[in-house]
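Have the sequence and the view open as you read.

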Amino acid sequence: MDSLNDKEITPIKEVEKLARVAGTALNDAVKSHVKENHMLPAKQGKSYFLSSDEAFVWNLVQQACNYPDTVTPHRDSLANKFVLKKKFNAPVGIHGETGLPCVHVIVIFDVREQRVVNAFPSL
């Protein structure tokens, strides 16, 4: 693979390296999106973090980027996005549809743009 912009599948190890860098530099648009959609008061049907402390939530996102348990291509793999999933020992959020406690943080990472696109708690 010559470039991340190639249509080939990006190796998982490369995604993990890039996500570590992106996780330490979350842009304001992503922070705003996560705050509006996944922190209290959350929109109906959206999973939300238990903590309203932004620094705590950004730390969870950074941990998911730095030490994901799984990295898989996003369902729309043509978009060069990957799903990073990190499990925590205690609930970090509430699932938007079921109301159940979430112990995972999901980070959607765009390899082409080398940035975090979204982050939210999950079952």
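## Overall make-up

Of the 123 residues in the protein chain, 41% are buried, meaning under 20% relative accessible area with a 1.4 Å probe, protein chains only. This is a predicted model, where local features need pLDDT of at least 70 and side-chain atom pairs count only at pLDDT 80 or more, while totals for chains, interfaces and linings use all residues. Residues are numbered from 1 along each chain as its sequence is written, and side-chain values use heavy atoms, with hydrogens and water left out.

The chain's accessible surface (Shrake-Rupley, 1.4 Å probe) is about 7,000 Å², with 50% of that on carbon and sulfur atoms. As for contacts (heavy atoms within 4.5 Å), take those with a separation of 6 or more: 47% join residues 24 or more positions apart.

## Order of elements

The protein chain has three helices and seven strands; these are DSSP runs, with helices (H or I) of at least four residues and strands (E) of at least two. From the N terminus, the order reads α-α-β-α-β-β-β-β-β-β.

## Strand pairings

Strand β3 (residues 81-87) pairs antiparallel with β2 (residues 70-73) over four bridges; pairing takes at least two DSSP bridges. There, P73 sits opposite F82 in β3. β3 also pairs antiparallel with β6 (residues 104-110), over seven bridges, and K86 faces V105 in β6.

Then there's an open, antiparallel three-strand sheet, ordered β1-β4-β5. β1 (48-49) and β5 (101-102) are its edges; each has a single partner strand, so one side of each lacks a neighbour in the sheet. β4 (residues 93-94) and β5 pair over two bridges, and G93 has C102 in β5 as its bridge partner.

Methods. Buried < 20%, exposed > 50% of the residue type's maximum accessible area, 1.4 Å probe, protein only.
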